[in-house]
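Here is a short report on a multi-chain model. Please keep the sequence and the 3D view open while reading.

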Amino acid sequence: MSDALVTVTIDGIEVQVPRGTPLIEAAKQAGILVPHYCYHPSLPAPAVCRMCLVEVEKAPKLLPACVTTVTDGQVVHVNSDAALKARESVLEFLLINHPLDCPICDQAGECELQDYVFQEGRAATRYADYAKRFNPVEDFGPDVLYIPNRCILCTRCVRFMEAVAEDPVLNVSERGDRSYIGIFPDAVLDHEWAGNVVDLCPVGSLVSKDFLHKARAWDLDRTASICPGCSQGCNMTIDTRDNVVVRLRPRPNMDVNRHFMCDTGRQDYRWMNRGDRIEAPLIRAGDKLQAVDWASALDRLADTLRGADGKAVILASARASTESLGMTHRLLDGFELTAAVRVPTGHEAPLASIPNLALREERTPNVAGAELTGYTRAWDEALDQAVSAQVVVVLDEELAPDEFDRVRTAGTVVVLGTVDHPAYQAADIVLPIATMAEEHGSYVNRDGRAQVYRQAKASPGMARPAWWVAAEAAGRLAEGRAVPATAGDAIVMLGQSIPALAGLTYQSMGFTGRPVASAAASGVES
Amino acid sequence: MSTAGASASETSYQPVFTGETMAALETLFERYPTKQACMLPALWMVQEARGWISERAMAEVAEVIGVTPAYVKGVVTFYTMYHTHPVGRNVIQVCTTTPCSLCGAEAVLRTILQETGCEELGRTSTDGRFTVQEVECLGACGFATPILVNDDFIESVTPERVAGLLEGYK
Amino acid sequence: MGYPYPPDEKETVVLSQYFGDEGARSYQGWVKRGGYQALEAALAMEPGAVTDVVKASGLRGRGGAGFPTGLKWSFMPKDSGKDHYLVCNADESEPGTFKDREIMRWTPHGLIEGCAIAAYAIGAECCYVYIRGEFTEPLAIMAKAVAEAYANGVLGEKLLGTGPRLEMIIHRGAGAYICGEETGLMNSLEGRRGNPRIKPPFPAQAGVFGLPTTVNNVETLAAVPHIINRGADWYQGICLGNEKSTGTKLYSVCGHVQKPGNYELAMGTPLEELIFDMAGGMPPGRTLKAVIPGGSSVPIMDAEDVKGCLLDYEGVVERGSMLGSGGVIVMDDSTDMVYQIYRLTRFYAHESCAQCTQCREGTAWTVKILERILGGHGKESDLDLLLDLADNMTGTTICVLSDSCAAPVVSGIAKFRSEFDAYLSGARPPALAAH
Ligand SMILES: Cc1cc2nc3c(=O)[nH]c(=O)nc-3n(C[C@H](O)[C@H](O)[C@H](O)COP(=O)(O)O)c2cc1C
Ligand code: SF4
Ligand code: SF4
Ligand code: FES
Ligand code: FES
């Protein structure tokens, strides 16, 4: 609808945007950030903080950019004297009751109040010697603390619970400068998506107990990733400090999770920091496993496969990347192959007002990717096959003791695993692989969107991405067979034989992913 | 939202909305396009029945109106006429806004605080008879100083009249 | 009439004719006094024609903003297929204003009739009358009158037995000045906090319950039957000043006058006549110092501004203030202007709904500065600070409560600076215990 485009000039920059766009979004397109607090693109806009006031030519007053929609020919000044004075005054008003506790505040370094005050606030407060408003800290729920003294009453948290989660347990209580964010006594902020209020809070008023005083924002490394918690595939950031994952936070993706992620996903990161890992490749020597270097281990794997024929089984986790699943499948191409993933399940927990966003029943991120690369969900059948198979490969999945007991009757048992396990003593080859936090890779979510996650921390010991292990072994099996150097090469290579993945590259997936070719058309080759 | 186990006060709580009161509320529901519109009327009914609006009562209103207790609390605390704490048998509201202040409202308020034995704003007298509140313009500025004792709107109160007026409230 | 005093000959008594006449309260009494004839006449006209008469009369909103009433009605969509609402704003909480209270106390059926005509004109089958919670007596009287109107076939399935349906519901507020602001009122009516809403959408597009709504003040609606009865020309002819201000207006006079009360005047009557003649002037030995002519939210006038000021929308603006709601607060030379301005800002700080940063924080900060000045600890720079805060609080928020807090501060400092200086220099002893 190009006829619905209007042209506006913002600080001298002309942009064309659809009619009905709020000025604040139009300014973004012009590369101009209008400072704001209450506005959030995924929440209804109440225009209460008044931080985003801008000058619009011919308008009698400054207008809030968050709710003023563009009109054709509009000329807007974000940084005129009047607009700057208005913003400076909002900052001053917000600061009069705000404690100066940045040195102990978790938000410091990622606080929108601190940022804007630094950029355009007054040099000194004129509120001098009056007492500040004081209210005690309140425990809102399992992971959320409310520090009212820092609250700027932007109401983002209230609006999230009311309009997005549709579970209004938070309110604005009282009136005037006595106001604060309230929760009902006995009520708990334990909604499956409640943790988002911590991210939404522009200041350090709502904080995560889990993250409390753990790290300073500026000491964190941030890595774009995909939540491995379920098949929704929420985009997230892994925050690490000194190679330790300290927090997971949602990363915006309008097509998948908007700005949100659920608490189950958010809180499930401790496994990424586990120390009890398989440190080195292990191969059987008599009745013992012996640590060897990768070349020896891969040689042994190749030799084992070269000598075998007949049935092979892959028992994989749908948390493995498409690259790893695909390359492992390819490694066993020559066998009569059964490949299955196990899909653990849990309760489905939708975020009420956002269509197609939920913590999904399927609690692994890559069921679709597994299916595209030749895996089924028929886990029990695969296990039955494994009993009499020549070769069984266990990929990134922890088998229960009784499962392992059944599998060990197979000819050769190869484990590609992360965490060390006593049962592995019965395997023939045990190869240390990286967790998803330690490698680049991609997943395909339940809607067929392929999305890349990036390496957030180094892998321990000699662990390598599973796709690399499988591809290197395959290279040893067939002379002249190309071996991918990177996860990006791996996906391109898989695309050459799997139509659904054809043309997929890390570049084309970018930061927000890309739909794979119609899932229906993707006749899976086995 | 989840709610912690029943506390003692919860088990002993007698609902307001039963019998005639519930019937009255249901009649009101028919006069508005949404149930929520009956929030203020329902809160008035609670205050009439109980003298004040406890948190347990807010939860009851939430249930009959179909919103969350937190929502009701946000509403209750917005309006100054709803009491969120127990009050004396008689609640006196005294206007001291500018027009009344010009005509000596502060002196009326002081006298009332003294005569009732409340001494302090918002505090209930030890005999439980009075609670005194300072309020903003009561909309009768030409009849300074107006006071509201329970539902009785009394105009032109002067310090001299206070003692006599209070006698009627036991 | 100058209720509670007998009418003054300079008044033009229309709405207040039966103030003090208990006989006018009942349905029978009202009918005996010619009541409900205007409704009958209106029902015989097309709704659009009723709106046209009101437009031609020049009637402007008496709630404070002075918006032309007929024009407002004409914004209501035609044939929208949606339910329309009329809301009668009886929240009257603006300090200095107490006229709607008298209308409801003495002529409840006059208001019901006005509401019925307006509802007919805008196609509303439901009218909510939102009365502030403290108005216990008007609430009871209105409730009784509405019941009578139903019982006598005025309201209900068919207006007066012939017209369209009209339900009328009295809704009691619970103590919040901001619920007089029309969008705050709509939120309150919906069972929410009375937070004003951002516009657009305007009430005529999406008002209460998201449906087309007209909000009118009690006095505005009460004037309508008289206009229908006597014609637009008659009403328009009641004009002594600017032709854009027509009809009569009720002025609530309070503060330092000998005969405080409600006076009904033709538009354009001199303010001095109201204060000195009708309301009896200052107490003996006192002289006029200041007047807030339109309820507490408008700028303060000094005695000089009052001289020659004509009471109509334009006349008061010419003198640097506004007609507002017609609440005339009179202050004589005994008044401590700093204290009274402080008291007004306390009102706004108490009533701020808390949404907008400038209003929530600015009103409270303003109070603290004035408190400090009154406590004898003010600083020379405090006045500039007050003025700068006032500037920052003006024209920047969702509704004008924030501006209203700034108005008396700015005009007060401009006109009575020496009184502030006296506190700052210590020439005047502290009026408040230091904080
Ligand atoms: C803070 C504030 C308070 C108000 N209080 C009242 C009030 O108590 N009564 C009233 O009629 N209008 C009040 N108004 C004006 C209303 O918003 C609205 O303009 C009016 O009810 C429209 O009716 P009218 O056109 O008949 O005047 C207030 C406005 C503001 C900004
Ligand atoms: S707690 Fe944070 S998000 Fe909630 S209102 Fe306060 S500042 Fe805004
Ligand atoms: S200006 Fe004040 S009263 Fe009006 S909406 Fe904003 S905070 Fe509320
Ligand atoms: S961001 Fe626009 S008013 Fe808050
Ligand atoms: S100021 Fe007291 S009633 Fe208005």
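## Chain A overall

Chain A holds 14 helices and 25 strands. Both kinds of element are DSSP runs numbered from the N terminus, helices being H or I with at least four residues and strands E with at least two. Along the principal axes, the C-alpha atoms of chain A fill a box of roughly 85 × 55 × 35 Å. Chain A has 526 residues, and 59% of them count as buried. Buried means under 20% relative accessible area, exposed means over 50%, and partly exposed lies in between, with a 1.4 Å probe and protein chains only.

This is a predicted model: local features need pLDDT of at least 70, side-chain atom pairs count only at pLDDT 80 or more, and totals for chains, interfaces and linings use all residues. Residues are numbered from 1 along each chain as its sequence is written, chains are lettered from A and ligands numbered from 1 in the order in which they are written, and side-chain values use heavy atoms, with hydrogens and water left out.

## Strand 24 of chain A

Strand 24 of chain A covers residues 449–453; five of the five are buried, so the strand is largely enclosed by the rest of the structure. R449(A), Q451(A) and Y453(A) point one way. A450(A) and V452(A) point the other way.

Strand 24 of chain A pairs with strand 23 of chain A (residues 441–444) in the antiparallel sense, over four bridges. Pairing requires that DSSP finds at least two bridges between two strands. V444(A) stands opposite A450(A). Four residues lie between strands 23 and 24 of chain A in this hairpin, where G448(A) takes a positive phi near 75 degrees. Strand 24 of chain A also runs antiparallel to strand 25 of chain A (residues 514–515), joined by two bridges. There, A450(A) has R514(A) as its bridge partner.

## Ligand shells

Ligand 2 is surrounded by 14 residues, and the closest are C151(A), C154(A), T155(A), C157(A) and C201(A). A residue counts as near if one of its heavy atoms lies within 4 Å. The shell of ligand 2 divides into eleven nonpolar residues, two polar and one charged. Here Ala, Val, Leu, Ile, Met, Phe, Trp, Tyr, Cys and Pro count as nonpolar, Asp, Glu, Lys and Arg as charged, and the others, Gly among them, as polar.

Ligand 3 has 13 residues around it. C353(C), C356(C), C359(C), T397(C) and C399(C) come nearest. Its shell has nine nonpolar residues, four polar and no charged.

## Aromatic contacts

Over all chains, the structure has 28 aromatic pairs. Rings of Phe, Tyr and Trp (its six-membered ring) pair if their centres lie within 6.5 Å; planes under 30 degrees apart are stacked, over 60 edge-to-face, and the rest tilted. Y79(B) and Y82(B) have ring centres 6.1 Å apart and planes at 75 degrees, so the pair is edge-to-face. Both residues are buried.

F143(B) and Y3(C) have ring centres 6.4 Å apart and planes at 55 degrees, so this pair is tilted. F143(B) lies in the loop between strands 2 (130–135) and 3 (147–149) of chain B, and Y3(C) in the segment before helix 1 (27–32) of chain C, so the pair joins two chains. Both F143(B) and Y3(C) are buried. Together with F19(C), F98(C) and W106(C), F143(B) and Y3(C) form one aromatic cluster.
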